[in-house]
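The chain and its fold come first.

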Amino acid sequence: MPDQSQPILSVKNMSVQFPSLSGVVTAVKNVSFAVGREKVGIIGESGSGKSTTGRAIMRLQPTTAKVVADEMRFEDVDLLRTSEADMRTIRGRRISMILQDPKYSLNPVMTVGEQIAETAILHERAGRRQARERTLAMLERVNIRDPQRVFDLYPHEVSGGMGQRIMISMMLISSPSLIIADEPTSALDVTVRQQVLSILDDLITERNIGMVFISHDLNLVKSFCDRVIIMYAGRIVEELEAAKLGEATHPYTRGLLQALPSLDHPRDRLEVLRRDPSWAEA
Ligand SMILES: Nc1ncnc2c1ncn2[C@@H]1O[C@H](COP(=O)(O)OP(=O)(O)OP(=O)(O)O)[C@@H](O)[C@H]1O
Ligand SMILES: [Mg+2]
């Protein structure tokens, strides 16, 4: 039984560099954060290093990338030193990643039902028939109305929202203790988005696990997450409780907040986000 008081994930001083034709690009610079049994949002504009941070935790960087850190620990696993073979069993089973477009995470030549059932066979050592029953139950659990039919669909035949729910049902079987969701709902329309978020929310609470929720939608993160990390040019510029976002002190966060359209206080013009090169330094 893992120690409930310890964070699930702890990252200290992590940097990620990519070689490029014009020299080395440091996409993530000295970031430190921890994730407990909570939903931690990472926000920041395009290119600020959010996805790179998520992928580094999963060790899903291209081989040319250089990841250095003082510590990267997931439960009892030293992510900096564990073997690639061990990493393969950790990915999907103990840390799950949900991507913007689930079609890329699913095997295109296998029906979605077979893929979920495979997880049940691997994870729960279920027999074929038992795995099918588990799969149908999980599809129902994520509000898929016609699980028998959906079981036999191929990934290209499912809609974005259904694809997200299929990914979640796979997670329900593999019971990870950390979920990394990278813009998981940005391709969904508002009603499906709410459904997917509430299924995720229930999952986190019910299983008492942790989540990293990557998004550039400040309003969404504010309402969905417990804590928010704000990234700018590869650095964490501020970290605070979601409920206290209004009290943010960093000028970049303040700028993001002021740039939000508000129904309560309509403005003729939206603020232009101001940036200061010094925020990207030490
Ligand atoms: N494989 C790669 N090779 C070279 N540079 C990369 C690679 N992946 C990311 N980068 C660079 O790292 C920086 C951060 O990229 P990242 O994808 O993490 O941003 P992001 O915050 O997720 O942005 P978005 O909101 O657009 O998804 C960018 O400058 C990007 O060009
Ligand atoms: Mg990204």
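The report below starts with the rings and ends with a helix.

This is a predicted model, where local features need pLDDT of at least 70, side-chain atom pairs count only at pLDDT 80 or more, and totals for chains, interfaces and linings use all residues. Residues are numbered from 1 along each chain as its sequence is written, and side-chain values use heavy atoms, without hydrogens and water.

The structure holds two aromatic pairs. Rings of Phe, Tyr and Trp (its six-membered ring) pair if their centres lie within 6.5 Å; planes under 30 degrees apart count as stacked, over 60 as edge-to-face and the rest as tilted.

| Pair | Centre to centre | Angle between planes | Class |
|---|---|---|---|
| Phe213 and Phe224 | 5.0 Å | 50° | tilted |
| Tyr232 and Tyr252 | 4.7 Å | 50° | tilted |

Phe213 lies in strand β9 and Phe224 in helix α8, so their pair ties together parts 11 residues apart in sequence. Tyr232 belongs to strand β10 and Tyr252 to helix α9, so that pair ties together parts 20 residues apart in sequence. Helices (H or I, at least four residues) and strands (E, at least two) are DSSP runs, numbered from the N terminus.

Phe213 is buried, at 0% relative accessible area. Buried means under 20% (1.4 Å probe, protein chains only). Phe224 is buried too, at 8%. Lys39 lies over the face of Phe224, 4.8 Å from the ring centre. Such a charge has NZ of Lys or CZ of Arg within 6 Å of the ring centre and within 35 degrees of the ring normal.

Helix α1 (residues 50–58) has seven of its nine residues buried, so it is largely enclosed by the rest of the structure. Arg59 follows α1, with a positive phi near 55°.

How values were computed:
Chains lettered and ligands numbered in written order. Buried < 20%, exposed > 50% of the residue type's maximum accessible area, 1.4 Å probe, protein only.
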